[in-house]
Amino acid sequence: MGYSESSSLPRSKINLLYTDKSNLLNQNNLMPNSSASTTRKILHVDMDAFYASIEEREDPSLKGKPVVVGGSEQGRGVVSAANYAARKFGIHSAMPMMQAKRRCAHLICLRVNMPLYAQVSQQIRDIFYRYTPLVQPLALDEAFLDVTASEKLFGSAEHIGQCIRDAIKDELDLVASVGVAPSKFVAKIASDVRKPGGFVVVDHEQVQAFLDPLPVSRIWGAGKVTVALFERMGIKTIGQLRRQSEVWLHSHLGKFGEHLWRLANGIDDRDVVTDGQAKSISHETTFAEDLTDKDQLEAWLLHLTEQVAWRLRKHELKGKTVNLKLRYHDFKTITRSKSLIEPTDNTDKLWQLTRQLFLNNWSAANPIRLIGMGVSGLHKHGELADLSEQADLFEQPVDPRIDQLADNINARFGASTLQRGRSKNK
Amino acid sequence: MKITALRENLLKPLQVVSSVVERRQQSPILANTLVSVVGNQMTLTGTDLEVEMVAKAEVQSDEDGDITLPARKLMDLCKSLPEGANITIQIEEERAVIRSGRSRFTLALLPAAEFPNIEPVDEALSFKLTQAQLKQLFDQTQFAMAQQDVRYYLNGLMFEVTANAVTCVATDGHRLAFCRIAADTGVSEDRQVIIPRKGIIELSRLLESSDDPVEIQISNNHIRVVLSHVTFTSKLIDGKFPDYQQVIPADPDKELVCSRDALLQAFNRISVLSNEKFRGMRIQLEPNLIRASVNNPEQEEAEEEIEVNYDSEGFEIGFNIGYFMDALSVIKTEEVSVHLKDSNHSCLVKGVNDDASKYVIMPMRL
């Protein structure tokens with residue numbers, strides 16, 4: 001389950017050569033935590049085999065044995081996560097359970113225990129918040145942290161990264177991989193290259209040397225199609241990509257090409273965006289297997305809507321526009337949006353709109369690979385005092401206590417303890 | 001195929017079918033009208049897949065056949081030709097050549113087989129009203145329909161038929177309009193359906209205050225209204241309309257009676273200075289007098305005192321002035337009555353001694 005990236009990231013127009021003052025001032029006004037003038041220190045913390053490791057921790061007898069969590073062994077269940085012992089058998093997430101079982105006869109298969117994972121995820125986030133408020137969760141098991149301003153308080157970014165990794169190990173008995181770099185893009189790669197238990201620091205001066213030998217597939221956003229295209233052009237490493245001209249890439253891949261070129265050159269000005277300053281809040285999930293079943297899709301979508309609404313309320317935001325994202329089996333992606341008359345943080349209201357958008361765009365003939373929903377047009381609660389109150393004939397004035405109660409229970413017992421009556425785990 | 005017709009015979013039916021053709025369509029065929037010729041009768045069909053209009057025209061033709069032509073372009077051409085012009089439409093392989101006097105136009109055409117067919121309306125409940133009755137039902141209520149509301153079932157008109165009455169209700173959640181007329185429909189079972197907003201708007205344009213009969217057919221998913229020259233078919237909104245009986249106040253304890261014209265004119269004047277977005281109006285009730293006032297963000301103000309018959313206690317209540325004016329505009333009686341409870345409850349507006357139409361308006365907190 002990922003927190004959507006693309007919609008919430010402000011695209012900075014400044015590149016490293018631009019240092020005239022007016023521009024920098026603007027930049028700072030717009031984005032208070034940006035620091036284009038100094039080197040930023042970004043951490044990417046990524047949990048190793050997160051779900052499976054939690055299961056091992058809960059039941060130590062599993063340690064060292066191949067373990068997967070996922071759907072049932074019968075039918076179309078798939079692996080959600082595999083521990084490293086299971087990965088040695090070539091088992092990976094998204095693999096059908098039956099196939100995994102064939103590869104390893106003594107494989108231990110566990111059902112997904114999402115409430116538990118969400119609870120642990122929150123504990124990990126609480127550790128992050130000891131060092132910086134600038135935390136951007138990408139999923140339950142990974143997050144970006146901007147620790148540039150924390151160095152004065154807690155020591156170098158490297159040291160903070162180690163403290164976080166140690167705290168996760170000591171307090172939660174789990175292993176994290178950490179990347180420390182001047183940008184989100186490089187930090188994310190850095191956390192990945194020495195998994196599991198990796199700790200990779202890339203200094204500002206080392207960025208290019210670090211990136212150049214890596215295969216282009218490491219670039220965040222370069223999928224199968226793009227990589228295949230590069231291969232046909234004889235581009236295999238990030239270094240080779242960097243030496244192409246920006247114009248040439250633009251002509252082949254448009255704006256996306258320019259974006260990739262900038263990344264290959266280590267240019268990534270995207271800030272760590274916390275929920276509180278986001279322009280939109282969204283969640284999406286990619287299915288291990290394409291889904292066509294309407295009820296199942298609706299259940300997932302409701303689950304995503306609940307999480308988005310919860311984040312809105314947590315940050316005292318109300319949103320006006322609901323955005324639905326569907327990626328079909330053929331990678332065709334559509335986004336549809338619809339606006340409410342008045343901004344809301346009420347789960348039911350958001351869900352009604354989301355569901356309507358979904359039903360307008362769902363068809364049994366088009367299996368769905370990814371589904372996501374988000375809310376934009378965000379307002380802080382205080383900004384809305386002006387609106388007059390027109391009473392409604394049919395609505396009982398929305399009772400915020402229902403959402404509040406659910407939020408409190410979920411905060412205490414894990415993110416999915418209390419859900420609306422429609423379960424995706426039928 | 002060569003079709004000849006008088007401009008006047010083509011124009012009206014073309015306008016009817018073009019009214020449902022969207023300016024931006026999902027597929028090119030939906031920009032077209034299906035033209036079917038049998039003998040001397042041309043049948044034109046336009047659709048947006050939700051609403052379908054079928055209109056008939058008198059023509060001369062050398063043979064029977066079906067073809068589709070761009071609806072709006074054909075209509076605009078007919079409209080721009082001089083009155084009384086004779087028009088010929090010559091259908092060739094992939095185009096139609098239209099001639100009139102010294103003008104010549106070539107239009108692209110698409111095969112009739114591609115034209116989408118709305119499912120046949122079978123096993124329908126069927127009954128008759130007069131055009132005037134149906135027009136009254138729509139005119140009295142349709143302005144209160146919601147527009148693009150999340151509650152999709154409000155984006156249309158509730159249409160209910162029983163053995164001896166037909167009822168229409170529209171509401172956007174803030175106000176509700178109700179109209180019920182007595183009619184011997186003879187239907188054996190009661191039915192309640194929701195007709196989409198677009199269908200209602202297009203259909204009302206065609207209705208006249210005449211005693212001509214209208215046949216109404218309701219099937220599971222569609223409603224069809226058959227007029228003498230036009231057949232209208234619309235999908236129904238699949239949803240449950242809210243219980244309107246429950247929100248029409250049954251026991252308002254305070255009643256105010258006054259001249260409809262006086263009230264409407266006063267509201268008309270002060271509405272000029274109301275907040276354009278929220279349109280809030282404050283009403284202060286006193287014995288035999290109400291004071292209506294508005295203001296806008298520029299701190300401009302308007303106030304009217306209106307003489308009324310009212311003998312209950314005085315209080316203050318806020319409303320969207322637009323909702324009040326909408327209701328007053330369709331009330332036909334000389335005097336109106338406004339039933340109120342307190343500043344938190346809805347009010348009921350209706351013509352004095354007229355129970356056919358009722359309007360419920362929720363208050364605003366100002």
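Is R260(B) buried or exposed? With a relative accessibility of 16%, R260(B) counts as buried; here buried means under 20% relative accessible area, exposed means over 50%, and partly exposed is in between (1.4 Å probe, protein chains only). Before going further, a word on the model: it is predicted, local features need pLDDT of at least 70, side-chain atom pairs count only at pLDDT 80 or more, and totals for chains, interfaces and linings use all residues. Residues are numbered from 1 along each chain as its sequence is written, chains are lettered from A and ligands numbered from 1 in the order in which they are written, and side-chain values use heavy atoms, with hydrogens and water left out.

Back to R260(B). This residue forms a salt bridge with D261(B), where the closest N and O atoms are 3.2 Å apart. A salt bridge, in this text, is a side-chain nitrogen of Lys or Arg within 4 Å of a carboxyl oxygen of Asp or Glu. Elsewhere, salt bridges that share partners tie E286(B), R291(B), E303(B) and E305(B) into one network.

Let's step back and look at chain B as a whole. Its secondary structure comes to 7 helices and 26 strands, where helices (H or I, at least four residues) and strands (E, at least two) are DSSP runs numbered from the N terminus. Of the 366 residues of chain B, 56% count as buried. Take the contacts (heavy atoms within 4.5 Å) in chain B between residues at least 6 apart in sequence: 66% of them join residues at least 24 apart.

Now for the inside. The largest nonpolar core has 102 residues, and F159(B) and F267(B) touch the most other members. Helix α7 (residues 321-330) of chain B gives the largest share of this core, 7 residues. A nonpolar core is a set of buried Ala, Val, Leu, Ile, Met, Phe, Trp, Tyr and Cys residues joined through side-chain atoms within 4.5 Å.

Where do the two chains meet? The contact takes 19 residues from chain B and 15 residues from chain A. About 1600 Å² is buried between them, and carbon and sulfur atoms give 61% of that; buried area is the accessible area (1.4 Å probe) that two parts lose on being put together, summed over both. There is 1 salt bridge between chain B and chain A: the side chains of D392(A) and R151(B) meet at 3.2 Å, N to O. On the side of chain B that touches chain A, the elements giving two or more residues are β13 (175-182) and β26 (364-365) of chain B. The residues on that side divide into 11 nonpolar, 4 polar and 4 charged.

M362(B) and G318(B) are 44 residues apart in sequence, yet 9.0 Å apart in space, C-alpha to C-alpha.

Side chains of opposite charge can pair when their charged atoms come close. R242(A) pairs with D212(A), the closest N and O atoms being 2.6 Å apart. R242(A) belongs to helix α11 (residues 238-242), while D212(A) is in the loop between α9 (207-211) and α10 (224-232), 30 residues apart. Another bridge joins E284(A) and K325(A) at 3.0 Å between the closest N and O atoms. E284(A) lies in strand β10 (residues 280-291) and K325(A) in strand β11 (residues 317-328), so this pair ties together parts that are 41 residues apart in sequence.

Finally, some backbone details. A cis peptide bond joins K195(A) and P196(A), with omega about -10 degrees, and P196(A) is in the loop between α8 (184-193) and β9 (199-201) of chain A. D173(A) is not a glycine, but its phi is positive, near 55 degrees. In chain B, Q299(B) also has a positive phi, about 65 degrees, without being a glycine; this residue is exposed, at 67% relative accessibility.

Terms used: Nonpolar A, V, L, I, M, F, W, Y, C, P; charged D, E, K, R; others polar.
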